[in-house]
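Me: I'm new to this one and would like to look at it piece by piece. Can you put it up?

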Amino acid sequence: MSKVPGSKIVAIKRWTCFVAAIWLQSINGTNFDFSDYSSLLKKTMGINQLQLNSLAVASDLGKIMGWVSGLACVFLPTWAVLGIAMSLGMVGYGVQWLILSETIQPLDYWQVYMLCLLAGNSVCWFNTVSFRAAIENFPSKRGIASGLSTSYVGLSTIIYTCLSSILDPGNPSLYLLLNCIVPAVVGIISAVLLYVSQSKKAAIEEDADKKYMILCTLIAILTAVYSIIFEFLPHGKRKLEGIYMALLIILLMAPLYIPIKITFNNINNERRVNSCCASPITGENTQQNCRGENPNNNHRCQVDIIQSEETKNNTQSLEIQNPEQSIHNLNEVEGRRFQPMSVSSLPYPALGEEHTILQLLRSIDFWLYYFVYFCGATVGLVYINNLGQIVQSFGYSKTPILVSLVSSFGFFGRIASGLPDYIQQCWMFKKCRPLPRTGWMGIWMVPMAVAFLLLGVMNSTSKGVLCVSTAIVGSSVGAITSLAIPISSEMFGMKRFGVNHNILITNIAFGSLLFGEVAGLLYDDTDTTSSAGDKQRTKLSRHVICMGRQCFGKTFLLWGCVCLFGLLLCIILCVRTRDLYDPIHKKQYHEMDHD
């Protein structure tokens, strides 16, 4: 039986891990469907609107402890980390489903609040596994890999909505059951794939990876375009929705074509070499077998054998004995410095080197990076969280369309986050000094700031402007959140990436509290100063409904100014990280010269 060469086995495992990362992301947007069952939760629990909003914020607060998942990845195997993620999600969403389905009596408010915290925290555990699977296997293409894998989180809303419509369209509590079961099923499948795909050899990237990444990008774009079709399906048509879901599953399975293709290609190549060149041990006529009908066969067989031996030697040289040496090899592949870290001997490591938690918190560059994210992606996420009230104030009743618009354009934004890597591979930019990846975060903050300022200064509640601005914010948030994944590993090292990146995204929780509270205060202040004709007051729900552009006008202007301030910080960060990215870009140019 023919065997696949060792280096190709590593390639197959790398792409299998990448497919698992895509699948994990596609079901990890469980916190996006809160609005679909929130009304039933409010009724069942007997709580007011303010308490319901606090439960929504609790999901974001769960991310504060997300760094624990990164720490667990250092000491626990991947399957164990996924097991914890599934357990947290099953408890957090499962118990809530039991309450809404009236299987058990409603719990106290603080107990449901804790369940929301657990559910929100489970997202961090799934994300940590997915992020590491993408960037560890493609260190020099981590921007493209992370952008492609995280883009699939935009499918989560569509997957859960479609499944709910097929199974029981009139049961909002079904979303909680799906949030509990679907991640568990996909998590088990991904855990198996990641377990069998673990390798003691460092990632060896090949020339073929470039075309495979392009293929994955095309598949992702096709999937994003296909996801938009869902909004035009007639609701209640289970057969159509079933067909749509089946085709969506096929698109999710499509990336598996790459590891399967690598497997069969190399089995066929091995058979060809074996049939072409007989072993000297058998005593057969090697020259006759090699030459055969084609005089070039001998040369081709010799080249194949030489290349196979070189690949084997290179693979053996990269074989490792422990995870720490793996990180060393990963950084060497990118041409960057790596030194063993010691808090006492090197309290302030340079950018690109491994950072402990204490060293991270002492770093000026980290806090610059932290507030850039805070003023960019976090502000955009707060806008998305308040989209229901914003749409209502504009007098626009079709909130689900705007939510789907955010998801779809967020999908495209995450795919576009890999644009810097594609641009650097383009020959016309070879002589230019490329913009660091941190600079691209600033580029995406510009249209978001313009969108907020436009919403704040316009004189009418234009639904067209609202739709365009929502699409811009969705794509910008998607791009910035995806760019942050490779940036965290490039600036502060790969070994503690899970911990460091989850510390970064704690600002989402703080931002939800700060910006959400300020938006609420400005909303209420606008209501008290508005004329009676501009507002409606519902005493039963104790919730003020404000109508008109003035409801969020000041909030939009504030968010726009915050984005511009974040852009200023991003420019400073870009200048400070140029020395980090220049060697990486030179390494990529050197590789292009030899392509």
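Me: Is arginine 576 buried, exposed or in between?
Reply: Arginine 576 counts as partly exposed, because its relative accessibility is 41%. Buried means under 20% relative accessible area, exposed means over 50%, and partly exposed lies in between, with a 1.4 Å probe and protein chains only.

Me: What kind of model is this?
Reply: It is a predicted model, where local features need pLDDT of at least 70, side-chain atom pairs count only at pLDDT 80 or more, and totals for chains, interfaces and linings use all residues. Residues are numbered from 1 along each chain as its sequence is written, and side-chain values use heavy atoms, with hydrogens and water left out.

Me: Back to arginine 576. Which side chain does it meet in a salt bridge?
Reply: Aspartate 365, at 2.6 Å from N to O. The pair ties together parts 211 residues apart in sequence, because aspartate 365 lies in helix H17 and arginine 576 in helix H25. A salt bridge here is a side-chain nitrogen of Lys or Arg within 4 Å of a carboxyl oxygen of Asp or Glu. Helices (H or I, at least four residues) and strands (E, at least two) are DSSP runs, numbered from the N terminus.

Me: And aspartate 365, buried or exposed?
Reply: Aspartate 365 is buried, as its relative accessible area is 9%.

Me: How many salt bridges are there?
Reply: The count is 3. Another one joins glutamate 490 and arginine 437, whose closest N and O atoms are 2.9 Å apart. This pair links distant parts of the chain, 53 residues apart: glutamate 490 is in helix H22 (residues 463–492) and arginine 437 in helix H21. Both glutamate 490 and arginine 437 are buried.

Me: Which residue does arginine 132 pair with?
Reply: Glutamate 136, by a salt bridge with the closest N and O atoms 2.4 Å apart. The two sit about one helical turn from each other, because arginine 132 and glutamate 136 are 4 residues apart in helix H6 (residues 109–137). Arginine 132 is buried at 13% relative accessible area, while glutamate 136 is partly exposed at 24%.

Me: Stay with H6. At what angle do H6 and H7 cross?
Reply: Roughly 150 degrees, with the axes of H6 and helix H7 (residues 142–151) coming within 8 Å. Axes are lines fitted to C-alpha atoms, for helices over the stretch in contact, and angles run from 0 to 180 degrees between N-to-C directions. H6 passes H7 in a right-handed crossing. A crossing is left-handed if the near helix is turned anticlockwise from the far one by less than a right angle, and right-handed if clockwise.

Me: Which residues make the contact?
Reply: On H6, Phe131, Ala134 and Ile135; on H7, Arg142, Ala145, Ser146, Ser149 and Thr150. Contact means heavy atoms within 4.5 Å. By class, the H6 and H7 contact has 4 nonpolar, 3 polar and 1 charged residues. Ala, Val, Leu, Ile, Met, Phe, Trp, Tyr, Cys and Pro count as nonpolar, Asp, Glu, Lys and Arg as charged, and the others, Gly among them, as polar.

Me: What does serine 146 touch?
Reply: Ala134, Ile135, Ser482, Ile485 and Pro486, leaving out residues up to four places away in sequence. Serine 146 lies in helix H7. It is buried, with a relative accessible area of 1%.

Me: New topic. How many aromatic pairs does a search of the whole structure find?
Reply: It finds 22. One of them is tryptophan 367 with phenylalanine 371, a tilted pair with 6.4 Å centre to centre and 35 degrees between the planes. Rings of Phe, Tyr and Trp (its six-membered ring) pair if their centres lie within 6.5 Å; planes under 30 degrees apart are stacked, over 60 edge-to-face and the rest tilted.

Me: Where do tryptophan 367 and phenylalanine 371 sit?
Reply: They are in helix H17 (residues 364–385), 4 residues apart, so about one helical turn separates them. Tryptophan 367 is partly exposed at 35% relative accessibility, and phenylalanine 371 is partly exposed at 38%.

Me: And what about the rings of phenylalanine 452 and tryptophan 559?
Reply: That pair is edge-to-face, because the planes are at 65 degrees, with the centres 5.6 Å apart. It links distant parts of the chain, 107 residues apart: phenylalanine 452 in helix H21 (residues 437–457) and tryptophan 559 in helix H25 (residues 550–576). Phenylalanine 452 is buried at 0%, and tryptophan 559 is buried at 1%.

Me: Last one. What is the secondary structure of the protein chain?
Reply: It comes to 26 helices and 2 strands. Of the 595 residues in the protein chain, 52% are buried.
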